[in-house]
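Visitor: I would like to learn how to read a model of this kind, one feature at a time. Could we go through it together?

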Amino acid sequence: MSSGKEFKACPRCGSLRIRAPSLREGGIPGTSEIAGIYYCEKCRKKIVPVVFDDEKQYKKFLKEGDKALNF
Ligand SMILES: [Zn+2]
């Protein structure tokens, strides 16, 4: 089995469309990845992603949704 198929998702909306924030978005280039801070393109917010080992976990998360994630 090969690794690297990691799912990182936004804890607010579950979107996988997250990336390191740009300077304009309040990110500090090079440090966001280290700090684990990402930017969700859907929420347009900085978020700390939830990491899943596989798609199954991710799907489960989507299904259980907001119950588990009360911010
Ligand atoms: Zn989001």
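The dialogue below takes up confidence, fold, core and a few single residues in turn.

Visitor: What is the mean pLDDT of the protein, and in which element is confidence lowest?

Guide: pLDDT is the predictor's confidence in each residue, on a scale from 0 to 100. Where pLDDT is low, the predicted coordinates should not be read in detail. In this protein the mean pLDDT is 84, and 83% of the residues reach 70 or more. Confidence is lowest in helix 1 (residues 32–35), with a mean of 74, and highest in strand 2, at 94.

Visitor: How many helices and strands are there in the protein, and what pattern does the protein follow along the sequence?

Guide: Helices (H or I, at least four residues) and strands (E, at least two) are DSSP runs, numbered from the N terminus. By that reading the protein has 2 helices and 5 strands, and the pattern along the sequence is β-β-α-β-β-β-α.

Visitor: Which strands form the sheet, and in what order?

Guide: Two strands count as paired if DSSP finds at least two bridges between them. Here 3 strands make an open sheet, in the order 2-3-4, with antiparallel pairing. Its edge strands are strand 2 (18–19) and strand 4 (45–47), each of which pairs on one side only. Strand 2 is joined to strand 3 (residues 38–40) by 2 bridges in the antiparallel sense, and R19 has Y39 of strand 3 as its bridge partner.

Visitor: Which residues form the largest nonpolar core?

Guide: In soluble globular proteins, nonpolar side chains tend to be buried together. A residue is buried if 20 or more other C-beta atoms, placed from the backbone, lie within 10 Å of its own, exposed if 12 or fewer, and partly exposed in between. A nonpolar core is a set of buried Ala, Val, Leu, Ile, Met, Phe, Trp, Tyr and Cys residues joined through C-beta atoms within 7 Å. In this model the largest such core has 7 residues, namely A9, C10, I18, Y38, Y39, C40 and I47, and strand 3 gives the most to this core, with 3 residues. Buried residues make up 10% of the 71 residues in the protein.

Visitor: Is I47 buried or exposed, and which residues does I47 touch?

Guide: I47, in strand 4, counts as buried because it has 22 C-beta neighbours inside 10 Å. Two residues are in contact if their C-beta atoms, placed from the backbone, lie within 7 Å. Leaving aside residues up to four places away in sequence, I47 touches C10, P11, R12, I18, Y38 and C40. With the same exclusion, Y38 touches several residues, including I18, I47 and P49. Among contacts in the protein between residues at least 6 apart in sequence, 50% join residues at least 24 apart.

Visitor: Where do V48, D53 and R44 lie?

Guide: V48 lies in the loop between strand 4 and strand 5 (50–52) and is partly exposed, because 13 C-beta neighbours fall inside 10 Å. V48 and P11 are 37 residues apart in sequence, yet their C-alpha atoms are 7.2 Å apart. D53 is in the loop between strand 5 and helix 2 (55–64), and is exposed because 11 other C-beta atoms lie within 10 Å. The C-alpha atoms of D53 and E6 are separated by 5.3 Å, although the two are 47 residues apart along the chain. R44 is found in the loop between strand 3 and strand 4, and its phi is near 55°, a positive value in a residue other than glycine.

Terms used: Residues are numbered from 1 along each chain as its sequence is written. This is a predicted model: local features need pLDDT of at least 70, side-chain atom pairs count only at pLDDT 80 or more; totals for chains, interfaces and linings use all residues.
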